Each structure stands twice: as C-alpha cells, then as structure tokens.
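Morning, everyone. Let me put the model on the screen, and then we'll walk through its charged and aromatic contacts.

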Amino acid sequence: MSLHQEISIEDQGQLGATQRIARFVTSTYYEDIPQEAIEVARRCVVDGIAVMIAGSLEPCAQIARAYVQDVGSIGKSRTFGRGTVSAPAHLAALANGVAGHALDWDDTALSLEKDRSVLIHPTMQPLCACLALGEKRKVSGKDFLTAFVLGFEIQVKIAEAIHPDHFAGGRGFHSSGTIGVFGSVVAASKLMVLTEEQTRNALAIAATMAAGLGVNHGTMSKPLNMGRAAETGVTAAHLASLGFDGPAYALEGGRGYFEAFGGGFSESRLCDRLGAPFAILSPGTSIKPYPSGVVGHPGMDALKKLVTEHDIDASDIERIEVKTGPNVIAPGPLRILHATTALEGKFCVPFQMAAIALRRKAGLDEFSDTFAQSDACQQLQRKVSAIIDPEIAALGKDKVVFDITVTLRSGKSYSQRSAEHYRGGPRNPLTWDELCDKFHGCAKAVLSAHARAGFIAAVLELETQSDVSTLLNGITT
C-alpha cells in the first residue's frame, strides 16, 4: 500500500499505526493497567536500578558520565550509582542507559512467536526516561509506573510486529537501540503530559533518530545503543512539546520506520494488541540470573546441573559438546567463538561453559577480564564446541534449547538437556527474595545496607508516593 493510499484511508476514519499508538498512550491511565502488570513493573524497577548501579562501575559507564559532565550544564536530573552527577534530563538518561546495559544484566523480552527469538531489552529505556523526567518534574509514583508500563508496552509490541529481518538476515540492527527509542519516547511523552498530536510527533521524531547496530556486541558500543535510545526518546518528547512535528505516518508510511528498518511489519501484532494483554505480562520479561546474553542461560543452568550432580572436576574434562539452535549461536547473538575479555564472554558459549565448569557459577567475578584471560579459562574454552542442531532448530526461534555432553579423560560421558522453562523467565521467575538478593549483590559496592533496604521498601510503596524524588534520594552517592 502506498503512502497516498494510507492517507486516504485515514481520511475515511481508519487510523494508521502511529496515530493509534499515540491515542492509546494518551488515553491510558494507571487505573487501566492490571495490578499484576504493576507488580511486574515493580520488579523491573528494582532489577533495572540494581544493574544500573552495578554497571556504574564499568569503564564504559565512567566514560559516559565524563561525557555528560563535559557537555552538559548542571541540571535537575541525576545519574545513579558510583559518582552521581546532575545533568539535563536527556544526558542523565544517556549516562544511566549506558550504565544499565554495561553488564548485559538487564532483563530481556523473548518472543512467543516461532519466527523470532529475542525481542528487546525492555526495561532500561523507559526506566531511564522515567528516572530523568520523574525527578525533574516531581511526578507521583502512580504516574511513574504508568509511564514505565506504557513505554515497555509500545517498544515490545513494535519488536513483535516488525519484520524479523530487522534483527537478523541482512539488516542486523540491535533492537534495544533501534526499537528501544520508542520505549523511552512513550514514557517521556506520558510524563510530560503531551497531547495526542504531540505524542504522535514525538514518535515520528524518535523514529527518524533511531539507531543501533548488532555488530557492537562485545564492545562498549552495545550499551551505548541503550544509552542513546534513552537519550533520544527524552529529546524527541521535549522537541514535540515545543511544537516540533513529524509525519503522521512515520512508522507505517512509505519510506517510514517499518519499511526502512524491517522491510515491513504485521499491523495485527501491533495495533490489535495494544494493552491486550500488556506486554509486561505477555510475552513478559526475563530477569537475568547471569550478567550475559539471556539465550545462554538455559545452557549454563544445564551444565551446572550436570557437573554438580556428577561431581565433575574441570581438570577431568576432555571436551564439552553443545548442541543448540540458530537463535543462540550465529546467526543468533552468542556468536563470539572464543572470549579474551569479559564483554566478549557475555556473547560466547565456550566462555560460559568454561565459567560453569571451573567455578560452578557465572557472576561478576567470572565475567571479568581477569577470569576471561586466565590460563584455566582460555584452555577450557578450547575444549568446547557449539553447533546448530537441525532438530532443535526445527522447534522454532521461540524455543531456547541446549543439549550438552561432557566427556571426561577417562572416556566416560554425561549428557543434560536444558529445562523447558529457563530460570528467570516469565514461566520460572526469580522469587522476590532472589530479586532482592540480586539487588544487594549489584549495589553493595556503592550503597550501604541501610540505603539498599530503604530503596526496596520504597519501591514496595511506590504507588503511594506523591514525588518519586524521595525514592531516588537514597540511591545516589
């Protein structure tokens, strides 16, 4: 359908995707959101702040914070974690977004459709917008949660609707950047109380500023994709609030976002599903137990079960054979064949297998350059092979499956298949206590025990707060 045809259709009373999103966002309020969705949002806030604080110690986060200080005048929004600075809202969102994705420990939304797997990291972009503007505008806890859920909703629905070539094939975009911008702009537009027309314009502005390449995996530029998505959304909403406009068909029109970035989209997966159900409930989100690409987690859990049950010592291992699908290893995200840095290890199956075999865990100590470059890790990685299994591939991209066989020097071998519902996923979520333990582990190097406990208590009562600044005061340093 041509752009001119689409315009004539709207004239006949049928709204395009861009306008329908804008109308949905501006007409949805806290009372319209299921309480179950609010509870998941609360978990996302705790987890998002946790990994943001932990990531603030990473070199890329420190560089981003230095950049913010260099180019931004003192503002009313703050960065979180080690070395808090005040900055204009869009720059605070940039710095917090980089920190939040620096460890690749932030949550992930996985598809329930067979034609795609990983959709997007869904929390950080709307959360960073909510933090930056929520503090500056002194919004209520209810408004904060509403904006967050709506930002989460729109970016996941767009990720579900866009042609899967956007992620793979010949395009290779990083959806957390290219699509994540819509999570940030929606959250920002809602908190700024933009009109339907202004929100539509903000979506159009964000669409033309969207960016993010998949080739950045394993480098500082991957979390930069997240930071820029958060920054761009806030900037786009601000421009729209001042009267800046964009095309009414920015997403669905000819030469628009979907055509340029994906080669098309499914209108029914987007327009017919807005809030029905909310994406934070289905497909839901996976809060990560490991600081690495989520599609590797079922394999790490499977190997941990195997080496623990059979009490296998890493020094006795002759080889580890991994069979999985193309949604995991190349062309999937875990495409690095051998890791020499922690960043590479986040997207490297041999590294992840080596960490579990050597330490029976894979936390921040394992995802470090020191461990990655150790002789033991380097040698064991060379004993790991990972291949695509046709039977696993035939299950569909929405199924993340590992078959792992460990052969010992004695010739004895053991095999383990990954669990049907991986730990941390929507159907096997971390308990509240496990989530709080993750928060304490992430934040202990920056915040006191008293500050950590106070933050968790405040999140539990977030809806009752008239000004979210009180929530944030306790987590700055």
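Start at R359, which counts as partly exposed because its relative accessibility is 39%. The scale is this: buried is under 20% relative accessible area, exposed is over 50%, and partly exposed lies in between, with a 1.4 Å probe and protein chains only. This is a predicted model, so local features need pLDDT of at least 70, side-chain atom pairs count only at pLDDT 80 or more, and totals for chains, interfaces and linings use all residues. Residues are numbered from 1 along each chain as its sequence is written, and side-chain values use heavy atoms, with hydrogens and water left out.

Back to R359. Its salt-bridge partner is E366, with the closest N and O atoms 2.7 Å apart. A salt bridge here is a side-chain nitrogen of Lys or Arg within 4 Å of a carboxyl oxygen of Asp or Glu. E366 is buried, at a relative accessible area of 1%.

Some salt bridges share partners. They join E113, D115, R116, R269 and R273 into one network.

How many salt bridges does a search of the whole structure find? The count is 23. Take E196 and R23: their side chains meet at 3.1 Å, N to O. This pair links distant parts of the chain, with E196 in helix α10 (residues 196-209) and R23 in helix α2 (residues 17-27), 173 residues apart. Helices are DSSP runs of H or I, at least four residues, numbered from the N terminus. Both ends are partly exposed: E196 has a relative accessible area of 22%, and R23 has 40%.

Next, R228 and E231, bridged at 2.8 Å, N to O. They sit 3 residues apart in helix α11 (residues 221-241), so about one helical turn separates them. R228 is partly exposed at 42%; E231 is buried at 11%.

Now the aromatics. The whole-structure search gives 10 aromatic pairs. Y257 and F261 are stacked, 4.6 Å centre to centre, with 20° between the planes. The rule: rings of Phe, Tyr and Trp (its six-membered ring) pair if their centres lie within 6.5 Å; planes under 30 degrees apart are stacked, over 60 edge-to-face, and the rest tilted. Y257 and F261 are both buried. F258 and F265 also stack, at 4.1 Å and 10°. F258 is buried at 1%, whereas F265 is partly exposed at 26%.

Last item, the cluster. F173, F182, Y257, F258, F261 and F265 form one aromatic cluster. Questions, please.

Methods
Helix = DSSP H or I, 4+ residues; strand = E, 2+ residues; numbered from the N terminus.
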